[in-house]
Amino acid sequence: SWKSAYVANAALERLRAKRFLYLTQDYEPIFYSMGPLYVLSRSSYDLPHYAIISTGILKEHYRHNGIGVFKTGAGDGERRSVFFENAILKFNVDSQAMRARQKKRFLFYARPEAHAERNLFEIGMFALSSAVENGYFDLDNWEFYGIGTIGGAENIAIRDGVNLKLISKVSLNEYRELLPCFDAGMSLMLSPHPSLVPIEMCAAGMVVVTNTFANKTPERMKGISSNFVTAEPTVDAIALALKEAASS
């Protein structure tokens, strides 16, 4: 994390090193409101380092915005950085079993906790409620589930008589077995990183609604998986994306 970058920077003089390796999983300043933690996390990218960046999309965002090693130019940034594409779980997807289901199942990556604000829980819930109210889902044929919360709630009302059933925390093996049981999903993240959860949802056979951000465009997400339906992070746009997902 960005806090570790300050520790590594303090160690440089004792190690007689010029820079440290900085692995960035995301652009961490967006985790915070506009205050001291935002400033400190943003400043960590100005420390002398070689950047190891999760995904080409995130590296492209750094380059376009002069972040970190790209602050002094694209050439310097390319010489002092590398990116990797994250490993994604493999799933056993049975298309015949999916078609034979009596009811379709929808999965929302639901993170209502304050530390996960970038996952846009409220935007997702408002959009899902709008989609249900507008008849985009045939309620006789769809069930709705949420995964990801560390809270104690069991259900969240989408509207009267329609609930989002929250799934308790599961192990990695249970997660691998669980995802192919769903037909469509939604995972949002207000970040230039494409996020691993929606990619794994796609890999498990779901049609997945996610959101745009900067260079994280619909075209870039389709390049990752044709199962993506990518929309602007507004309630109306996400609701229409849910309509497309439900009819796919």
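Modeller: By class, the lining of the second largest pocket comprises 12 nonpolar, four polar and three charged residues. Here Ala, Val, Leu, Ile, Met, Phe, Trp, Tyr, Cys and Pro count as nonpolar, Asp, Glu, Lys and Arg as charged, and the others, Gly among them, as polar. The model is predicted: local features need pLDDT of at least 70 and side-chain atom pairs pLDDT 80 or more, while totals for chains, interfaces and linings use all residues. Residues are numbered from 1 along each chain as its sequence is written, and side-chain values use heavy atoms, without hydrogens and water.

The second largest pocket holds about 330 Å³ of space. Of its 19 lining residues, Ile 147, Gly 148, Lys 169, Val 170 and Tyr 175 are the closest to its centre. A pocket is an open set of points on a 1 Å grid over the protein atoms alone, where a 1.4 Å probe fits, with protein on both sides within 12 Å along at least five of seven lines; lining residues have an atom within 4 Å of a point. Its volume is the space filled by probe spheres set on the points, which are joined across faces, edges and corners. Two or more lining residues come from each of β4 (104-109), α7 (172-178) and α8, with α8 giving the most, three residues. Helices (H or I, at least four residues) and strands (E, at least two) are DSSP runs, numbered from the N terminus.

Helix α8 leads on to the largest pocket, where it supplies the largest share of the lining, three residues. The largest pocket has a volume of about 420 Å³. Its lining has 21 residues, and Gln 25, Arg 118, Met 189, Ser 195 and Leu 196 lie nearest the centre. The elements giving two or more residues to this lining are β1 and α8 (196-203). By class, the lining of the largest pocket has nine nonpolar, eight polar and four charged residues.

Strand β1 (20-24) also belongs to the surroundings of helix α3: the buried residues of α3 pack against β1, β2 (49-54), α4 (74-79), β3 (81-84) and α9 (218-224), contact being heavy atoms within 4.5 Å. Seven of the 10 residues of α3 (residues 56-65) are buried, so the helix is largely enclosed by the rest of the structure. Buried means under 20% relative accessible area, exposed over 50%, and partly exposed in between (1.4 Å probe, protein chains only). Just after α3, Gly 66 adopts a positive phi of about 60 degrees.
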